[in-house]
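I opened my notebook to see what I could look up in this fold. Come along and follow the entries with the picture beside you.

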Amino acid sequence: QVQMVESGGGVVQAGGSLRLSCEAPGFSTYGMGWFRQVSGQECESVAAVWRTGDKTSYADFVKGRFTISRENGKNAVDLQMRSLGPEDTAVYYCAATNLVFSRLEYDYDYWGQGTQVTVSS
């Protein structure tokens, strides 16, 4: 069973940056994505990267601010977040899908435990 472990969350001031990292041994054949969820709200897709790592897709609300990347040789997929605002405060989850690519939550079968990102104004 694929185990996903996220790291890099924390507290940052508005306008700052954070880099989230997800480690998942044996995940190189999976499409990967980052999702986020605010308590009491639905989980939403933030970004996704193709299985091959050569294509990415982003939610409109993070375009130009967040960058997803993967290094299959290192079993890692990262999310670089810049120009953070209070609206980005959420628990961020790394997830893997057996598909080549997806931005749909229900396509993802494997999830990490999540990492909290808090942006103070």
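**Entry 1: a serine in a strand**

I began with S21, which lies in strand β3 (residues 18–23). Strands here are DSSP runs of E, at least two residues long, numbered from the N terminus. Before going on, I noted that this is a predicted model: local features need pLDDT of at least 70, side-chain atom pairs count only at pLDDT 80 or more, and totals for chains, interfaces and linings use all residues. Residues are numbered from 1 along each chain as its sequence is written, and side-chain values use heavy atoms, with hydrogens and water left out.

Is S21 buried or exposed? I found S21 buried, because its relative accessible area is 18% and buried means under 20% (exposed is over 50%, partly exposed in between, with a 1.4 Å probe and protein chains only).

Leaving aside neighbours within four places in sequence, S21 is in contact with V5, E6, S7, W34, V77 and D78; contact means heavy atoms within 4.5 Å. With D78 there is a polar contact between the two side chains, at 3.0 Å. A polar contact is a pair of N or O atoms within 3.5 Å; within protein, one must be able to donate a hydrogen and the other to accept it, and residues adjacent in sequence count only if both atoms are side-chain atoms.

**Entry 2: the sheet**

I then traced an open sheet of four strands, in the order β1-β3-β8-β7, with antiparallel pairing. Two strands pair if DSSP finds at least two bridges between them. Which strands sit at the edges? They are β1 (5–7) and β7 (66–71), each pairing on one side only. A reminder to myself: strands of a sheet pair through backbone hydrogen bonds, either parallel or antiparallel.

I followed β7 to strand β8 (residues 76–81): the two are antiparallel over six bridges. In this pair, I68 stands opposite L79 of β8.

**Entry 3: the cysteines**

How many disulfides does a search of the whole structure find? The search finds one, where a disulfide is a pair of cysteine sulfur atoms within 2.5 Å. C22 and C94 form it, with sulfur atoms 2.1 Å apart. The pair links distant parts of the chain, with C22 in strand β3 and C94 in strand β9, 72 residues apart. I read -80° about the S-S bond, and the link of C22 and C94 is left-handed. Both C22 and C94 are buried.

**Entry 4: β11 and its partners**

Strand β2 (residues 10–13) pairs with β11 in the parallel sense over four bridges, and V11 has T118 as its bridge partner. By contrast, β9 and β11 pair in the antiparallel sense over three bridges, with Y92 opposite T115.
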